[in-house]
Amino acid sequence: MASVGHEPDIQRLSLERTNSNSSSVVSVKPGYVDSPFSGKKDQYDQVLDILDNTGFIPESLIESEARWFYQSLGIDDVFFARESAQGIANHIHSLYSCKVQAFSNESDLTDDALIQYKREAEDHAVFFETSSASGVPSNGSKNRFEERIDDKYIDPSNSTESYRAEFFSAPLSYKTDPILSGVHQKNHQIADQWFNCYFVYKNQFEFKDVSQDETDFNKIGDTTFLKIASENTKQLYSEIVKNVINTTGPVIRYFPIEDSEEYRVVIGFRQKTSARYNSALSDLANYYKLQTTRKYVEQFANGITIISMYVTSKQKKSPVDLSIYQVIKEASLLYCIPHNFFHHRFVKGELSLQESIYAQSGVIFVTHFLNRLGPEYTKLSSLLDPSKSIQHAEVLSSLKKRLRAETYTQNYIQEVFDTRSDIVRKLYRQFADVHYIRSSMEKTLSYQRLSQITPVGTEEEFEQLLNRECSQNEHHAIVLRALFVFNKSILKTNFYTSTKVALSFRLDPSFLPSSEYPEKPFGMFFVVGSDFRGFHIRFRDIARGGIRIVRSRSLDAYNVNLRNLFDENYNLANTQQRKNKDIPEGGSKGVILLDHGAAQDRPQACFEKYIDALIDLLLKQHIPGVKDSYVDLYVKPEILFLGPDEGTAGYTDWATLHARSRGAPWWRSFLTGKSPQIGGIPHDEYGMTTLSVRAYVNKIYEKLGLDDKKIRKFQTGGPDGDLGSNEILLSKGENYIGIVDGSGVIADPNGLDKAELIRLAKERKMIDHYDKSKLSKDGYVVLVDDVDVKLPHGQIVTSGVSFRNTFHLKLKEQFPNGVDLFVPCGGRPAAIDTNNVHELIDEKTGKSIVPYFVEGANLFITQSAKLILEQAGIIIFKDASTNKGGVTSSSLEVLAALAFDDTGFLSNMCVDSTTHEKPQFYQDYVKEVQRVIVSNAEDEFEALWKLKQETNISFTELSDKLSVSINQLGDELANSKELWNDDIEFRNAVLLDSLPPLLLNVIGIDNVLTRVPEAYLKALFATHLASRFVYTRGIDSNPAKFLEFISSIKKEYVKKGLLK
């Protein structure tokens, strides 16, 4: 086969119209230049000679076989120009063999393709197959070649190696072929067969390293595409490329072909954002009885793919425009999830696309929210009161994990949906009746199908249905009830909007069982994408928290992450709620779980889909052709305040600017952690998160009279991370003896070189970059990929990964002289729990081997384990108290974004992108933020220390009690109309006292009151009073004490001139 790289005959494609008899019968194609191959006749003669010399095909059939290949298969002349005569002869030989085999085969054509042939080379591939007119074989093998082309060529394409594809389909020409006509005599089904040709070519780009925003077709186009595409196509594609660059998700256009019953559907999208989308589009067209006669998949050097499909109706009596309307309307839904769990039923026509994707969303919901514990667990929980016994709490926790892992798995739930698809369709009808906006849809094919489904009716009628259909299988009934709950809890969704990149559902969280989730969230979002799933939970209307990406190194790790996903999200948001006690925003958190496999390498694409899907439900937009409206059962406006977390720090700028491009009025405050050029205050650059952690460490030294130069310190989370690097930089005289990070473990009982650690922290590099010459004779480095490493004291480490993952539990054996201070600055939640906490307790004395513990990383140690350690004598401060510097910084960043108008925001909060000069206000505001962080941390530390001395209650419990007291009082104050409306002078005085003086001096209180949403101001007012009261008066908020506090505050405000 000729090498595509050299393309010896491609230049012989004429660009002038000709009526040459030797050109392919379908060479005139709208959208691509009519380019007959001038060397085709010579090539044809060479092919005949090769076939004759080979002797495989009888001489009497040689010319008919060659003519059938050249003239009856609908192959474009570009193929013949790129292929050698020997290569074509090989194809003809192979197809001849397929036909001979078909003649001798007695099998039913609905089960096996009459002809199926492929040949793949390094730089191009050819696939031929036949299919029935219906396109729905009973074995479900539809699009087997297209899926292979997607998996091997289209989807993996990148800037250095990419492929384009051409697809042609025509009715199988069998009457003039002696072998196929013989097949027809034995099996008349051949009359309904279509012959499909797929050609894949490696792209040849003249320009390398093209920008993702490049639009010049001469730079981004493949050389063959630039030659064969018409000027009209180039202009159309150019517009689509620009639209794809400026949006998220597919750009869809369609046109009728003049003097034809065909339509041309053109779809552009970013590469690696929707796997198998190309083959799924063929399934969608087939579902609506459309025949794809040809398709072109063009991939450009800037990472954009454009698919151009030419379709016509398979049924002459069926109006093609209705089918086209459905394909266009559902192409965006298909892009969200190209191959859902029930795709096989969609291909066979048993479920519509909407039904199958709704079912997938339902499976995921039920997987996470089916109450697997049952009434027996609730009863046991009441008997074994976990609040009175750590052992009881741990037993119940282990039992809960086991019940969740071993009862209703996702695969089992999927099987139930498959078995009970009729009931699932009825529940889909219930969902659609609420959320499908009925404009003129009664005429559409999807509505015609929907109207034929009987809805489930009321909950009582649904139970009657289950009693009839599932009386013998209560497990099925339990699963289907959970899907019914899904429907009832959806307040709004983008499911039926015409442009979207992932599905999002705003849920009413009241369905969550109080036995598992005692504190009800205020709001929940549930997001489903083609290669991820995600949640967002908030505990107040005005709430803030980061978005975390959860990655999995293996399938086993993925399954663990899947089981724990929602609980981790809930616990993180709940911790955030306790942590956010000093700021107006309550706690929230978002998590994105990447699917196992290729999605692990596409975190940014998944993050972008997640954000865009959230924005869909935060904005109520109706832009014809761009954004549809949706049914809103929540009614009230919503704003989310997001920030960076694990794996998302690099994407915050995109999200901020994307919100602005979507027309969100709150784009300035939507995300924190963004770059200074768009008003962000980087936590890592200014050590915001670490400042509060350090305040606790320094306060311990102060209270106990400790000399930091004598402290032996261990830390998880290395010098590459925000918290870890700044902890090193701010650590003064402490002696590091061990650090664990993503790359491995470094330890030296004699002390690590502080200057070397500071170098790594400033360069943000992991400990694998540590200069090993600076280790003492007892020091060592073990990286995650190491095996069978011998440590200086003789221990053999068989697995670096295992050693790294458990090192924080082996401090006794690794550091004989002990560890004074443990500061986790990174690591997975529950790294220390009641199952392993005994590793940190001396079995002889019963005392903790680490005297001081400041939890910088969120949820690093479970509540029960903290209590056990405190009983063993440790001084430990939990994350909700220590790790609040970042949220304080983010809150003040948001306040500035809300208080400024666009002009003031740009001039005062945005660093010049060219000179990198920081406005004076920005510099001063950062210092003010740092001061507030340290002040808040010290205030809480003093309150906890005092309460500990007064009550002898553990710091762990006191931290929770203090957070709960502030949050409860804050909620009561925020809901108090009297305090807010009746005493406006006092209200404004509290706001003046709570707002940064610098902000007031530049903006003025009147502008702040006008621009900042009232709900935010109420939260600011309430939080300021509540936190001051608890920090100064304690956790007992009886009315008399609070009235005395208000009286003293007013006197203070009079002295300050805030009140008259």
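Visitor: Which side chain meets that of E355 in a salt bridge?

Guide: This is a predicted model, in which local features need pLDDT of at least 70 and side-chain atom pairs count only at pLDDT 80 or more, while totals for chains, interfaces and linings use all residues. Residues are numbered from 1 along each chain as its sequence is written, and side-chain values use heavy atoms, with hydrogens and water left out. A salt bridge here is a side-chain nitrogen of Lys or Arg within 4 Å of a carboxyl oxygen of Asp or Glu. With an N to O distance of 3.3 Å, the partner of E355 is R425.

Visitor: How many residues apart in sequence are the parts that E355 and R425 tie together?

Guide: Helices are DSSP runs of H or I with at least four residues, and strands are runs of E with at least two, numbered from the N terminus. E355 lies in helix α13 (residues 353–369) and R425 in helix α17 (residues 421–435), so the parts tied together are separated in sequence by 70 residues.

Visitor: Is E355 buried or exposed?

Guide: Buried means under 20% relative accessible area, exposed over 50%, and partly exposed in between, with a 1.4 Å probe and protein chains only. Because the relative accessibility of E355 is 3%, this residue counts as buried.

Visitor: Where does E638, the salt-bridge partner of R538, lie in the chain?

Guide: The closest N and O atoms of R538 and E638 are 2.9 Å apart. R538 belongs to strand β12 (residues 532–538), and the pair links distant parts of the chain, 100 residues apart. R538 is buried at 0% relative accessibility, and E638 is buried at 3%. The place of E638 is the loop between α22 (603–618) and β15 (641–644).

Visitor: Why does the radius of gyration agree with a compact globule?

Guide: The radius is taken over C-alpha atoms, and the globule rule is 2.2 Å times the number of residues to the power 0.38. Along its principal axes the C-alpha trace spans about 105 × 70 × 65 Å. For 1060 residues a compact globule would have a radius near 31 Å, which agrees with the chain's value of 33 Å.
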